[in-house]
Amino acid sequence: MSENRTARRLTRIALATGAAGALLLTGTPASAAGPYISSNSGGANIRTCANTGCASNGYYGNGTGVTMVCFTDAQWVYPPNSNYASNRWFKVNSPTTGYIHSSLVSNQVSTPGC
């Protein structure tokens, strides 16, 4: 198949599938405009405090958008339990209130200390 013909076919496919096609072609999460969960393990627990020993309020899968409220420096967490070593945790309030380790949040925005 010629290069031009292939390009035209891919363009038709992208136009026909719209945003869903763009998502598949780029691999970018739908929530990429703001902070979202991006974990090597596929998601993140929402903790009642900034420590892996605290109870979980729930679990967010990769791509879930979160609202960052503030940060706190507490328990250090290291791979493989995090994407990178850090003691920073973010308090989030949507969809559930709790704490998520900083390495599991992509597209972070500036937040005040808690």
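I took helices (H or I, at least four residues) and strands (E, at least two) as DSSP runs, numbered from the N terminus. On that basis I find one helix and seven strands in the protein. Read along the sequence, the pattern is α-β-β-β-β-β-β-β.

**Ground rules.** I am working on a predicted model, where local features need pLDDT of at least 70 and side-chain atom pairs count only at pLDDT 80 or more, while totals for chains, interfaces and linings use all residues. Residues are numbered from 1 along each chain as its sequence is written, and side-chain values use heavy atoms, with hydrogens and water left out.

**Burial.** I set the classes by relative accessible area: buried is under 20%, exposed is over 50%, and partly exposed is in between (1.4 Å probe, protein chains only). Of the 114 residues of the protein, 28% count as buried.

**S2 and S3.** I looked at S2 (residues 43-47) and found this strand mostly covered, with four of its five residues buried. S2 pairs with strand S3 (residues 56-61) in the antiparallel sense over five bridges. For pairing I required that DSSP find at least two bridges between two strands. Asparagine 45 has tyrosine 59 in S3 as its bridge partner.

**Largest pocket.** I searched on a 1 Å grid over the protein atoms alone; a pocket is an open set of points with protein on both sides within 12 Å along at least five of seven lines, whereas a cavity is a set where a 1.4 Å probe fits but cannot get out, and lining residues have an atom within 4 Å of a point. Grid points are joined across faces, edges and corners, and a volume is the space filled by probe spheres set on the points. The largest pocket comes to about 250 Å³. Its lining has 17 residues, and Gly43, Asn45, Asn81, Ser82 and Leu104 lie nearest the centre. Strand S2 supplies the largest share of that lining, four residues.

**Salt bridge.** I counted a side-chain nitrogen of Lys or Arg within 4 Å of a carboxyl oxygen of Asp or Glu. The rule gives one salt bridge. Aspartate 73 forms the bridge with arginine 88, and the closest N and O atoms are 2.7 Å apart. Aspartate 73 lies in strand S4 (residues 68-77) and arginine 88 in strand S5 (residues 86-92), so the pair ties together parts that are 15 residues apart in sequence. Aspartate 73 is partly exposed, at a relative accessible area of 40%. Arginine 88 is also partly exposed, at 29%.

**Aromatic pair.** I paired rings of Phe, Tyr and Trp (its six-membered ring) if their centres lie within 6.5 Å; planes under 30 degrees apart count as stacked, over 60 as edge-to-face and the rest as tilted. I find one aromatic pair in the structure. Tryptophan 76 and tyrosine 78 make up this pair, which is stacked, with 6.0 Å centre to centre and 20 degrees between the planes. Tryptophan 76 is partly exposed, with a relative accessible area of 46%, and tyrosine 78 is partly exposed at 48%.

**S5 and S6.** These two strands run antiparallel and are joined by four bridges. A hairpin of five residues connects S5 to S6. Phenylalanine 90 stands opposite isoleucine 100 in S6. From strand S6 (residues 98-101), Gly98 and Ile100 point one way and Tyr99 and His101 the other, and all are buried. I checked glycine 98 separately: its relative accessibility is 3%, which counts as buried. Glycine 98 and alanine 50 are 48 residues apart in sequence, and their C-alpha atoms are 8.4 Å apart in space.

**Backbone notes.** I noted a cis peptide bond joining proline 79 and proline 80, with omega of about 10 degrees. Proline 80 is in the loop between S4 and S5. The peptide bond from serine 94 to proline 95 is cis as well, with omega near 0 degrees. Proline 95 sits in the loop between S5 and S6. Asparagine 107 has a positive phi of about 55 degrees although it is not a glycine. I place asparagine 107 in the segment after strand S7 (105-106), and at 37% relative accessibility asparagine 107 counts as partly exposed.
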